[in-house]
Amino acid sequence: MNSYNEKVMDHFKNPRNVGSMDDADGIGEVGNISCGDIMRIYIKVDGEERIADIKFQTFGCGAAIATSSMVTEMAKGKTLDEALVMNNKDVATSLEGLPPVKMHCSNLAADALHAAIKNYREQKLGHKDMSDAAEAHTH
Amino acid sequence: MRRVYLDHAATTPVHPEVIAAMLPHFHNSFGNPSSIHSFGRESRQAVDEAREKVAKILGATAREIVFTSGGTEADNLAIQGVALAKKGQGRHIITSQIEHHAVLDACKYLETQGFAVTYLPVNAEGQVQIADVLAAIRPDTILITIMHANNETGALQPIREIGRLAKEHKITFHTDAVQAVGSIPVNVDDLGVDLLSLSAHKFYGPKGIGVLYIRSGTKLKPLYHGGGQERKLRPGTENHVGVIGLAKALELATTEMESKQAKVRALRDKLMGGLLAIPEVKLNGHPEERLPGNVNVSIRYVEGESLILSLDMQGVAVSSGSACTSGSLDPSHVLLAMGLSHGEAHGSLRLTLGQDNTEEDVDYVLGILPPIVLRLRQMSPLYHKR
């Protein structure tokens with residue numbers, strides 16, 4: 001934990017897009033309290049299936065907060081299909097690396113984004129409403 | 001930027017008088033204590049004097065003091081040494097769930113070597129219950145090892161009572177007193193222990209030097225072989241500079257201990273009061289029966305490493321029982337044994353004061369922490385879900 005690089009520390013100190021969204025089109029949550037990381041991502045999707053706005057809330061360590069912040073920055077303006085191609089490793093690479101111990105435990109931000117996209121698509125298909133989806137990810 | 005060190009349970013700075021006592025022994029009186037020439041004799045004499053000094057402070061005799069490389073080695077020598085010496089009489093060991101890993105992992109290793117270990121639970125305040133110790137004793141119990149004060153919560157354990165019980169049942173009793181020595185009075189007869197571990201760097205001495213006190217008559221086998229030093233229990237050329245530093249540090253720490261610790265306790269109480277005034281912060285460990293410098297709290301909805309990083313950016317050094325700081329996926333085994341939830345354990349913060357801390361240090365921390373907590377809570381999905 002004493003080996004975060006400057007970029008990670010910058011995202012920890014000044015996280016981008018923190019907050020919640022009352023009118024989100026999709027919400028995704030990953031992680032659980034027993035391992036100490038919970039990430040929640042809210043997305044707003046425009047008519048061209050692009051991520052028009054994105055917010056996150058995270059309980060977790062420096063890496064958890066920094067990766068959450070980074071993924072929101074990377075995803076903004078991307079189409080949903082482009083966003084689905086991004087993985088956790090890409091997020092870590094954009095942060096110029098994470099300490100090895102953090103690669104598997106706190107590097108879940110892309111998963112949270114994918115969960116939000118899945119939630120959006122499920123709602124669009126009318127299979128589920130928002131509250132059910134949010135509930136399904138609650139631990 | 002102001003720098004405030006509140007991690008004295010991790011380690012302490014070496015006292016200038018300790019450095020002064022050690023310095024000449026690096027280059028002037030550098031001889032090998034085993035050499036018979038004047039250089040060697042000077043070192044031997046210095047080691048002997050240090051040993052006498054340490055023994056006197058602990059209420060022991062010089063022959064009962066064995067110098068080791070620190071607390072971990074002292075714990076391993078005690079636990080494995082007794083196990084090796086007494087395996088013919090029995091193969092059961094009693095310890096607790098809240099021990100330092102030096103004890104826990106030594107016990108786990110012995111389990112792979114055919115020993116059975118009982119890991120006693122603790123109550124919500126982090127204290128071993130004497131009734132549980134009694135209930136765990138078996139005819140084949142050869143060793144009880146329970147720490148004097150816990151390194152995370154500072155919770156004091158009922159060592160005297162366990163000592164009496166061990167004596168009644170003729171079981172060897174070891175205590176890891178690494179956190180206690182230098183902070184509270186420690187006397188081996190008063191505690192009724194057969195073996196006691198301590199480490200110099202916890203009380204303003206150098207790292208890499210510790211002691212295992214071994215009561216005369218206690219059966220113990222060495223873990224290393226290679227020479228006659230330390231009555232063959234810990235062979236190898238003595239770290240005589242370290243030994244001298246340890247003795248000096250122990251002497252300083254135990255001189256006017258009561259008034260020095262009263263000052264630390266007063267600062268601790270102020271810090272504790274200020275932390276507990278933050279909404280949804282709870283104390284971990286016993287409110288009174290704890291080390292004078294220790295505060296351990298759980299701050300709801302936030303994670304410990306984020307707290308440490310945020311405090312560190314403002315010059316404050318503390319530690320946490322969160323998984324991220326333990327280097328494993330699980331948070332503190334001590335806090336979980338006390339019945340804390342994973343969330344509470346991940347959100348724990350340990351602040352340990354020392355002799356150099358001031359009222360201004362405490363005010364500074366109490367000034368910067370509430371906004372840090374608020375910022376992290378505002379980022380936390382748990383805070384919004386509550």
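B:Ala155 lies in the loop of chain B that runs between β5 (141–145) and α7; helices here are DSSP runs of H or I with at least four residues, strands are runs of E with at least two, and both are numbered from the N terminus. B:Ala155 has a relative accessible area of 0% and is therefore buried (buried means under 20% relative accessible area, exposed over 50%, and partly exposed in between, with a 1.4 Å probe and protein chains only). Residues up to four places away in sequence aside, B:Ala155 touches B:Glu125, B:Gly126, B:Gln127, B:His148, B:Ala149, B:Asn150, B:Glu289 and B:Arg290, where contact means heavy atoms within 4.5 Å. B:Asn284 is 129 residues from B:Ala155 in sequence, and their C-alpha atoms are 9.2 Å apart in space.

The model is predicted: local features need pLDDT of at least 70 and side-chain atom pairs count only at pLDDT 80 or more, whereas totals for chains, interfaces and linings use all residues. Residues are numbered from 1 along each chain as its sequence is written, chains are lettered from A and ligands numbered from 1 in the order in which they are written, and side-chain values use heavy atoms, with hydrogens and water left out.

Chain B contains 16 helices and 12 strands. Its C-alpha trace spans about 70 × 55 × 35 Å along the principal axes. Of the 386 residues in chain B, 58% are buried. Contacts between residues at least 6 apart in the sequence of chain B join residues at least 24 apart in 72% of cases. The accessible surface of chain B is about 15400 Å², and 53% of it belongs to carbon and sulfur atoms; areas come from the Shrake-Rupley method with a 1.4 Å probe, and for residues only the protein chains shown count as cover. Chain B carries 39 positive and 41 negative charges, whose mean positions are 4 Å apart. In this count Lys and Arg are positive and Asp and Glu negative, with His and the chain ends not counted; each charge is placed at NZ of Lys, CZ of Arg, CG of Asp or CD of Glu.

In chain A the secondary structure comes to seven helices and three strands, in the order α-β-β-β-α-α-α-α-α-α from the N terminus. Of the 139 residues in chain A, 53% are buried. For contacts in chain A between residues at least 6 apart in sequence, the share that joins residues at least 24 apart is 61%. Chain A exposes about 6000 Å², of which carbon and sulfur atoms supply 50%.

The largest nonpolar core has 67 residues, and A:Ile43, A:Leu113 and B:Leu349 touch the most other members. Such a core is a set of buried Ala, Val, Leu, Ile, Met, Phe, Trp, Tyr and Cys residues joined through side-chain atoms within 4.5 Å. A second, separate core of 58 residues includes B:Met22, B:Leu58, B:Ala136 and B:Leu252. Beyond its neighbours within four places in sequence, A:Ile43 is in contact with residues including A:Met21, A:Ile54, A:Leu80, A:Leu113 and A:Tyr120. A:Met21 is in the loop between α1 (6–13) and β1 (26–32) of chain A and is buried, at a relative accessible area of 10%. Among the contacts of A:Met21 outside four places in sequence are A:Tyr42, A:Ile43 and A:Asp53.

Helix α5 of chain B (residues 101–111) has B:Ala102, B:Val103, B:Leu104, B:Ala106, B:Cys107 and B:Leu110 buried. These buried residues pack against α4 (71–86), β3 (92–96), β4 (116–120), β5, β6 and α13 (333–337) of chain B. B:Val117, in strand β4, counts as buried at 13% relative accessibility. Leaving aside neighbours within four places in sequence, B:Val117 contacts B:His92, B:Ile93, B:Thr95, B:Cys107 and B:Glu111.

Most residues other than glycine have a negative phi. A:Glu96, however, has a positive phi near 60 degrees. A:Glu96 is found in the loop between α4 (88–94) and α5 (100–105) of chain A and counts as exposed at 58% relative accessibility. B:Lys170 also has a positive phi, about 55 degrees. B:Lys170 sits in the loop between α7 (159–168) and β6 (172–176) of chain B and is exposed, at 72% relative accessibility.
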